[in-house]
Amino acid sequence: MAPKPDNHSPVVALAGGVGGAKFAAGLQATLPPAALTVIVNTGDDFEHWGLTICPDVDTVLYGLAGVNNPHTGWGRAGETWNVLTETERLGGEDWFRLGDKDLALHLLRNQWLKAGLNLTEGTDRLRRKLDVPSRILPMCNQPVRTLVHTDEGDLPFQDYFVRRRCEPTFRGLTFVGAAKATLTPEVAASLQAASQIIICPSNPYLSVDPILSVPGLRQLIQESDAPVVAVSPIVGGRAVKGPVAKMMREMGHLKHLPLTIVEHYAGLLDGFVLDQQDRAEQSQLPLPALTTDTIMTDLPSKRRLAAEVLQFGHSLPGGNRTANRPRHQNDE
Ligand code: FO1
């Protein structure tokens, strides 16, 4: 039986950007202080204005610090845009909107990275400065960059997502650099000590797969005694936010999207949480499922969902996943 959550046996969440950050905020508000560790996608990271930008790490950081922009989901609340406006006036690139407060964080992190801190250390410094009680762990310290294959050719992730607004038809992904990435001691230790592992309602292809592409990470989840639960990012056959449903359609998945996601995570899950609007899909699922309201509009709804998912996870035996274990490239 996996241990109960405390500072030594954390609940570990795998998260991408906005959906992951919202759910992680609910977990943080529900669990004892420091009982949550969030492993975050860095496949969206890129270099812009000479700075390393870590959108998902920062979205989780700002969300857990309660300083995020509630309208966009990314960036800071109460942001100003002086640098961006002036950059635009001088003919610089303005398609990726970095606000003044956000930029301050980037300048500082860049200094630390240049001085020799790794991304895990830099992120930990930032979360302490923002009084975040949870640990935020980048999935790895080496650069892994998501490359999106589209009908218009290959696009770096932010070009596809922000500059092109996910318009090109999706054909597939490569996580460039993943094969050379190494598991950090912090990520490995947190997964080994986890009382429960939760895959947040993030895009399985864009946000979670890069995390699972870090060599050894998938195997640690498969070997864990802790129950592993994924929360669906689909509500009523559509994405709550972002392009997941569009991408699934472009891959030929036209219906039964919750089942498609469960199959995508085959061999990893003990349980699945789907939205009440997709209730009809539950009977198709080959594993225990919880059907509930997964829409998170405010802190009480985030907290309610988090509490339900935690309770569901702890009702599951865990560590019983070998029967439906798939053959993955990095499996023996
Ligand atoms: N998303 C946008 O759609 N437009 C932006 O201009 C933009 C700027 C931005 C700046 C900092 C940051 O941390 C995130 C930002 N995002 C922006 C969000 C982000 O690029 C994506 O939502 C994620 O990469 C997908 O999870």
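The ligand sits in the largest pocket of this predicted model, in which local features need pLDDT of at least 70 and side-chain atom pairs count only at pLDDT 80 or more, while totals for chains, interfaces and linings use all residues. Residues are numbered from 1 along each chain as its sequence is written, and side-chain values use heavy atoms, with hydrogens and water left out. To sit in a pocket, a molecule must have more than half of its atoms within 2 Å of the grid points; a pocket is an open set of points on a 1 Å grid over the protein atoms alone, where a 1.4 Å probe fits, with protein on both sides within 12 Å along at least five of seven lines.

The space in this largest pocket comes to about 1000 Å³, a volume being that filled by probe spheres set on the points, which are joined across faces, edges and corners. Its lining, made of residues with an atom within 4 Å of a point, numbers 46 residues, and those closest to the centre are Val 18, Thr 72, Trp 74, Phe 161 and Lys 241. Helices H1 (18–30), H2 (55–65), H4 (100–114), H6 (157–163) and H8 (204–212) each supply at least two lining residues, helices being DSSP runs of H or I with at least four residues, numbered from the N terminus. The largest contribution to the lining is that of H2, with five residues.

Around the ligand itself there are 14 residues, the closest being Asp 44, Asp 56, Phe 96, Arg 97 and Gln 158, where a residue counts if one of its heavy atoms lies within 4 Å. Polar contacts, pairs of N or O atoms within 3.5 Å, include one in which a side-chain N or O atom of Asp 56 is 2.8 Å from an oxygen atom of the ligand, and another in which a polar side-chain atom of Trp 74 lies 3.2 Å from a ligand nitrogen atom. Arg 97 takes part through its backbone, with an N or O atom 2.9 Å from an oxygen atom of the ligand. H2 and H6 are the elements giving two or more residues to this shell, and H6 gives the most, with four residues.

Key. A polar contact is a pair of N or O atoms within 3.5 Å; within protein, one must be able to donate a hydrogen and the other to accept it, and residues adjacent in sequence count only if both atoms are side-chain atoms.
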